[in-house]
Amino acid sequence: MAGLNWLRSIDAMGENLGTVTMDKRTHSFDVNHVEDDPRIWSSSVECKIDIGKQIFCNRSLNMKNIVAVGFDMDYTLAQYKAETFESLAYAGTIRKLVYDLGYSEELLSWSFDWKYMVRGLVLDKKRGNILKMDRHKYVKVAYHGFKELSKDDKVETYGNTLVRDSFDEPDYALIDTLFSLAEAYLFAQLVDFKDNNPDKVPEDIDYARIYKDVRAAVDLCHRDGTLKQMVAKDPERYINVDTSILPMLKMLRDSGRSTFLVTNSLWDYTNVVMNFLCNSSVPDGDQKLNFDWLQYFDVVITGSAKPGFFHDDNRANLFEVDAKSGMLLNTDNGSPMPQVGGASLALSPTKLAKSCRVFQGGNVRHLHKLLSIESSSQVLYVGDHIYGDILRSKKALGWRTMLVVPELEREVELLWELRKTRKELQELRNERNVIEDKIHHLKWSLKFEDVEADVKDRLSGELHQLEGERERVRLSHQDALRECHRQFHGVWGQLMKTGYQNSRFAHQVERFACLYSSQVTNLSLYSPDKYYRPSEDFMPHEFGIICL
């Protein structure tokens with residue numbers, strides 16, 4: 001079944017790609033075109049789209065109907081290096097906990113394993129647990145701090161209730177963004193610290209209070225500018241270079257689309273990051289900030305306060321930003337307003353290339369007006385945050401959406417390598433089903449059929465043998481499945497799966513993201529007029545019947 005799904009995903013990506021052949025050695029597509037730049041679709045002779053860089057489709061999307069393509073900045077256009085950026089955020093949060101919130105100085109010696117946590121986890125604030133759930137919200141993996149809960153403990157805590165828990169705020173915290181991985185790791189450390197050192201943590205500080213303090217410390221780090229100042233001093237240390245960003249933006253604009261940027265970061269930081277992304281090849285790294293990158297956008301909105309920005313009834317004022325000074329100027333829904341009282345302020349918005357305008361605040365209604373958007377379905381928005389970028393823009397507006405999932409590149413490549421293993425897992429599962437069916441028949445015969453003593457003895461022997469065989473296959477299947485998941489992550493397993501079910505994270509991706517891919521610049525590998533079509537949906541009863 002898993003292998004069938006996998007082949008369908010690959011097939012769906014082959015739509016409208018020109019002349020397509022599948023290279024089974026590199027698991028990529030050969031796309032034949034006319035020019036000689038292999039980086040983008042519009043100028044490539046032979047564009048090999050590796051399986052980890054393909055765009056996957058949940059809902060049909062015809063790019064010919066899209067008039068504006070928008071982007072988030074942090075973790076979308078700007079991919080931060082987890083080993084440096086998240087470590088920086090972790091260290092800053094520790095210092096705030098110790099020096100501002102009174103936690104033990106022992107915390108200062110702690111270290112951060114940036115590979116430990118993954119997206120899609122849920123923190124149980126009251127109990128100090130970290131959970132991974134399937135799409136039905138059943139808890140399949142659970143840890144108290146860093147101690148794994150037994151199956152019985154999981155069932156006792158989360159399975160024996162008359163009313164199903166929603167696993168939402170305020171009692172739970174959702175780890176849906178890469179920014180949250182450091183705070184989740186620190187929460188687990190503090191849970192263990194409280195359990196092992198009760199004399200060093202005041203009694204009135206429970207697990208929920210610990211989480212609240214961690215969140216407060218994270219907010220302090222962002223508010224005082226500590227993190228952003230460090231990134232601004234040495235962006236190359238914290239942000240990955242992606243030379244495909246400008247060609248992608250240029251191709252979209254050349255195709256007639258408007259492009260816009262909506263970010264929660266303020267103008268000063270946005271300008272630093274975008275300068276780095278668009279001028280990362282400057283010799284000796286001594287970059288001087290300029291506004292050249294703005295020529296690739298029609299509108300830039302900073303300090304947007306997403307997800308509130310996506311609500312039309314949000315009454316936030318829209319200010320125009322003077323790019324050189326950073327000064328905010330009043331606007332009337334984006335139109336400049338004259339100074340009251342004949343003020344002599346001679347400042348007017350800096351004239352930017354191709355009339356790109358920079359704003360702060362506002363709401364989606366302002367954006368639609370600035371871009372002359374007639375229908376929300378004409379907008380494609382690309383972001384990394386399920387809740388802040390994708391869910392709200394999709395549910396509140398009906399925008400078309402693309403989710404950036406950096407972890408996906410490694411995950412799909414591993415899936416390809418483990419396709420034989422997954423087939424073997426399915427065979428073990430089928431074998432287990434056959435054995436269990438035989439056991440049920442024998443038990444029924446022994447209980448309800450009138451058989452002679454020697455036959456009964458023989459059936460009992462067969463039953464005992466089958467029960468032993470069932471246990472052997474069960475353990476083999478269990479160990480093989482666990483080992484398969486450990487190939488993806490030693491603790492939490494495959495990002496998009498929990499056992500055989502889609503994970504909660506995968507379920508959200510499927511529900512709210514029209515498209516998803518490992519990098520925003522994967523858009524440059526496809527025609528800007530491409531018709532993205534999803535694979536056919538299948539019910540379980542269809543898998544054994546339909547052959548693709």
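Student: In which loop is the place of Pro 170?
Tutor: In this predicted model, the peptide bond that runs from Glu 169 to Pro 170 is cis, with omega near 10°. Most peptide bonds are trans. As for its place in the chain, Pro 170 belongs to the loop between α3 (151-159) and β11.

Student: Which residue does a cis peptide bond join to Pro 307?
Tutor: Pro 307 is found in the loop between β13 and β14 (318-321). The cis bond there has an omega of about 5°, and the residue that it joins to Pro 307 is Lys 306.

Student: What is the phi of Lys 137?
Tutor: Lys 137 is found in the loop between β8 (129-133) and β9. Most residues other than glycine have a negative phi. Lys 137 is a residue other than glycine with a positive value, and its phi is near 65°.

Student: Which residue in β10 is the bridge partner of His 144?
Tutor: Strand β9, which covers residues 139-144, pairs with β10 in the antiparallel sense, and two bridges connect them. In β10, the partner of His 144 is Lys 147.

Student: Which are the edge strands of the open sheet of eleven strands?
Tutor: The order of the eleven strands is β4-β22-β19-β18-β6-β12-β13-β17-β14-β15-β16, and the pairing is mixed. Each edge strand pairs on one side only, and these strands are β4 (56-57) and β16 (335-336).

Student: Which residue in β17 stands opposite Thr 302?
Tutor: Strand β13 (residues 299-302) and strand β17 (residues 357-361) run parallel, and four bridges join them. Opposite Thr 302, the residue that stands in β17 is Gln 360.

Student: Are α13 and α14 roughly parallel or roughly antiparallel?
Tutor: Helix α13 (residues 419-448) packs with helix α14 (residues 453-488) at an angle of about 155°, and their axes are 9 Å apart. Angles over 145 degrees count as roughly antiparallel, and therefore α13 is, relative to α14, roughly antiparallel.

Student: How many charged residues are in the contact of α13 with α14?
Tutor: The two helices, α13 and α14, have a left-handed crossing. Their contact, divided by class, has 13 nonpolar and five polar residues, and the number of charged residues is 14.

Student: Is the crossing in which α2 passes α5 left-handed or right-handed?
Tutor: Helix α2 (residues 82-99) and helix α5 (residues 207-223) pack with axes 8 Å apart and at an angle of about 115°. The two helices are therefore roughly perpendicular to each other. As for the hand of the crossing in which α2 passes α5, it is right-handed.

Student: What is the volume of the largest cavity?
Tutor: When the whole structure is searched, one cavity of 30 Å³ or more is found. The lining of the largest cavity includes Met 63, Met 251, Leu 252 and Leu 523, and also Tyr 526, Ser 527, Pro 528 and Tyr 532. By class, this lining divides into seven nonpolar residues, one polar and no charged. The volume of the largest cavity is about 40 Å³.

Definitions and conventions. Residues numbered from 1 in each chain as written. Predicted model: local features only at pLDDT ≥ 70, side-chain atom pairs only at ≥ 80, totals over all residues. Heavy atoms only, no water. Axes fitted to C-alpha atoms, helices over the stretch in contact; angles between N-to-C directions. Parallel < 35°, antiparallel > 145°, perpendicular 65-115°, else oblique. Left-handed = near helix turned anticlockwise from the far one by under 90°. Nonpolar A, V, L, I, M, F, W, Y, C, P; charged D, E, K, R; others polar. Pairing = 2+ DSSP bridges. 1 Å grid on protein atoms, 1.4 Å probe; cavity = no way out; pocket = protein on both sides within 12 Å on 5 of 7 lines; lining within 4 Å. Points joined across faces, edges and corners; volume = space filled by probe spheres on them.
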